[in-house]
Amino acid sequence: MTESVSKPAIKAAVEARLAKRYRSEARFRSLGLAAIFSAVAILVILLGSIGMQSLPAYTANEIFLEVDLDRDLVDPQGDGSEVSLREGSYARVLQNAMREQFPEVRARRDLRQLFQLYTALNAPRLMDEVIEDPSLVGTRYRFRMPLSDDMDLYLKGELLDQSETRMNTALRAEEEGRSIALVSDNAGFATLLENQRAALRNEAVALGASADELDLRVQAAGDEDVSALVDRIANLRERQQGLLDWADAEDGVFRLDDTLPSVIVEMAGGAYKLDGVSVDGTRATGRAVVQPESQSADSWNLLVVDVPESRRRSSDNQLVWSRVLRDRGVIEEHTNRYLFGNADSREPELAGVRGALHGSILTILIALILSVPVGVFAAIYLEEFAPKNPVTDLIEVNINNLAAVPSIVFGMLGLAVFINVFGLPRSSPVLGGLVLSLMTLPTIIIATRAAMKAVPPSIRDAALGIGASQTQTVFHHVLPLAAPGILTGSIIGLSRALGETAPLLMIGMVAFIAETPSLDIEGMTQPATVLPVQVFLWYDGAERAFEPRAAAAIMVLLGLMISFNALAIYLRHKFERRW
Amino acid sequence: MSETNSKVEVRDVDVFYGDKQALNSVSIDIPKNSVTAFIGPSGCGKSTFLRCLNRMNDTIEGARVEGSIKIDGEEINDKHLDPVILRARVGMVFQKPNPFPKSIYDNVAYGPRIHGLAQSSDELDDIVEQSLRKAGLWEEVSDRLSHPGTSLSGGQQQRLVIARAIAVNPEVILMDEPCSALDPIATARIEGLIDELRENYCIVIVTHSMQQAARVSQQTAFFHLGDLVEHGPTETIFTNPREQKTQDYIMGRFG
Ligand SMILES: Nc1ncnc2c1ncn2[C@@H]1O[C@H](COP(=O)(O)OP(=O)(O)O)[C@@H](O)[C@H]1O
Ligand SMILES: [Mg+2]
């Protein structure tokens, strides 16, 4: 048959096929590369966005406050005993120190705002420090506490959009009845005035556009009842006119109120909040939030906070005080020691991941101690010693099923059995570890069996053939060869357990826990939470400052997992070298 | 114990894999200090029979061995007898070299260790050296005993496996096609080795090479479809077989 086909023809056919094969190989390779690149890109984007989100959590603005630990306040019984020190009014001590910073603040409302620059939880912290070192009583002490979360974000530029302009012209303050007039001979307020007016006009245009739209609807309506629409149109037109009148105020003063962006002038160490600007841009009126050192200055700061005061939680006063304290060096930005030093807290500025980190470590340790030996020995028994009968078949099928059971079911099991029947302490790492080990067990059993099956039968034969018993064969030859696979399986199972949230919610590990469990036997029965649950809790938190902290907790969780996997890879290499 | 010089006496052995019968009533005497070759077309039950002699069939799910197998007059096909002890007396070399993924030294020392044959590490060193010498491997590996056994060439690995079997001082060595994965030069070395070992051991070798059987064995047994067709001195089997089937197989008419 082959004789009828000439040799060159065969060669051509082979070459054609070869070219096709090369093409399909190249196609396959590029597809593979594309898959890997997109996977890596997605991962990088994911990690990058979480990492970016977490950045504000790593530093904290802290108030270094000179507090006067007045004997009468902190040691009411006067004997320096711990009982007495516990009765001291540390909140007052802090308040006094804040008032010392801003003596001009007198009104009750203003004082309350001033004391909101830090959380009340700092008073017990100060108490702890005094009890730790009673010799502080009667001295002035530099107390370190975090700035409130909102102000912290504000100073980091994360909370509000604002523009800050440095003006290098002269400005002087003049008393004018109950308020202050700021005079700038070179019309330093002209640009400000233009911007504010433009903003009002834009708003007026927007209102006019909505009114026009409604007009069209009225015209198209025919004989329907349009009186409601007509009313709305009239209302819009009226508001539009109001804004235009306001913007074009001809009577000499442009009024600034709390529905417009806040305008603050900082000069000579003090700050004024403006409530009006003259239309020629040379004068502004307002009130002093912080008294300046002198009545005139050669340069000043014009600060415009875009969000009007009426539409945010923090007042202009608080913004100004934070800025001034920072300028005075009382507020400094440092690495966030609370993030890694504290457990959870209701206040974001005091909240940290340490409690959850310890909880995770303890929980996973227990899961590891329970599930790895039990899983490996169960697998060895099933693989090597179990007789083949319907009972072992049933067990085998069920182990495979168990691996597919949704994790929350294990949480329900933990609740029903471990808490209600065995009475294990709720929210504790022991309980969490038990539940997670149940979840991990099937994974480990399956991985171990697969790893043992993968050991070449010739090795088994060799050992048996030389007179090794079944047990010796398993422990001397099969297990060492299966160890890398067992390790990988266990690590995968435990990594999954480390990131597990659902079953732990069921057994109360979602509770708010402000104590860090100790990393020892005792800590295993103390209430705890774990990192993924902490992330869940924080993302749910009302305060915006919890968001970067939640992202930081994710980074810690990822770090923990990476070190876990690194350990696994290291151990793998160590074992594999013996092959 | 019988007065003959046979080491292994097999009577009416049937082997079943589940319902399938693989050996039909095999009876044979295997003599001491000689090499007995099993030949026959593949699938005829040579390996199965070999595995009866050290109870390796026990490790196969569903395998069943019936009949009487005696070594030195002692019944070994007895569920109450621990096969572990038997396998120390009856070593085995497999078709594919299967050294442990450990060092050369540990490969040879493993058997003596688990059977407690050496009282001291010096003694163990000695056993390892003697075994490697007997297997003709000492010269080649004495300077790299700590290297992995799997780093050796195929022929060296097979000699290492033989050394490993020798190290527990067995009485019988079973070899299942020990040269089928080796090149001619390595094969020649193994054959020479088998010839040397014959002085001290009873050797049973499965081979599908007629020439090999003729070269190394004194006794030959021919299996066909689970039956032991004929057995006797190798010369007789090759030059003057009684059965037509044996004749046909040896002449290469089937196989
Ligand atoms: N583990 C086993 N399970 C079932 N059948 C087997 C098994 N091992 C061998 N057999 C069967 O037993 C017969 C003999 O096999 P074997 O002893 O390996 O032959 P040989 O070694 O002579 O080539 C063959 O038909 C084979 O299919
Ligand atoms: Mg065979």
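Trainee: In what order do the 3 strands of the open sheet in chain A stand?
Mentor: The model is predicted. Its open sheet in chain A has 3 strands, paired antiparallel. Neighbouring strands are turned by 35 degrees against each other on average, direction ignored. The order is β2-β1-β12.

Trainee: Which strands of chain A stand at the edges of this sheet?
Mentor: An edge strand has a single partner strand, so one side of it is left without a neighbour in the sheet.

Trainee: Which residue is the bridge partner of A:I63 in β12(A)?
Mentor: Strand β1 of chain A covers residues 59-68. 5 bridges join β1 to β12(A), and the two run antiparallel. In β12(A), the partner of A:I63 is A:I331.

Trainee: How many residues apart in sequence are the parts tied together by A:R313 and A:D150?
Mentor: The side chains of A:R313 and A:D150 meet in a salt bridge, 2.8 Å from N to O. A:R313 lies in the loop between β11 and α10 of chain A, and A:D150 in helix α7. The pair therefore ties together parts whose separation in sequence is 163 residues.

Trainee: Is A:D150 buried or exposed?
Mentor: A:R313 has 64% relative accessibility, so A:R313 counts as exposed. The cut-off for buried is under 20%. A:D150 is at 13%, so A:D150 counts as buried.

Trainee: Where in chain B does B:K7 lie?
Mentor: B:K7 meets B:D72 in a salt bridge, 3.0 Å from N to O. B:D72 lies in the loop between β4 and β5 of chain B, 65 residues apart in sequence from the part holding its partner. B:D72 is partly exposed at 27%, whereas B:K7 is buried at 9%. B:K7 lies in strand β1, residues 6-17.

Trainee: Which helix of chain B holds B:E140?
Mentor: B:R189 forms a salt bridge with B:E140, the closest N and O atoms being 3.2 Å apart. B:R189 is in helix α7 of chain B, and the two residues are 49 residues apart. B:R189 is partly exposed at 40%, and B:E140 is partly exposed at 26%. The helix holding B:E140 is α5, residues 138-141.

Trainee: How many salt bridges does a search of the whole structure find?
Mentor: Some salt bridges link up into a network: A:R172, A:E174, A:E176, A:D185 and A:R283 form one. The search covers all chains, and the total is 39.

Technical notes:
Residues are numbered from 1 along each chain as its sequence is written. Chains are lettered from A and ligands numbered from 1 in the order in which they are written. This is a predicted model: local features need pLDDT of at least 70, side-chain atom pairs count only at pLDDT 80 or more; totals for chains, interfaces and linings use all residues. Side-chain values use heavy atoms; hydrogens and water are left out. Two strands pair if DSSP finds at least two bridges between them. Helices (H or I, at least four residues) and strands (E, at least two) are DSSP runs, numbered from the N terminus. Axes are lines fitted to C-alpha atoms, for helices over the stretch in contact, and angles run from 0 to 180 degrees between N-to-C directions. A salt bridge is a side-chain nitrogen of Lys or Arg within 4 Å of a carboxyl oxygen of Asp or Glu. Buried means under 20% relative accessible area, exposed over 50%, partly exposed in between (1.4 Å probe, protein chains only).
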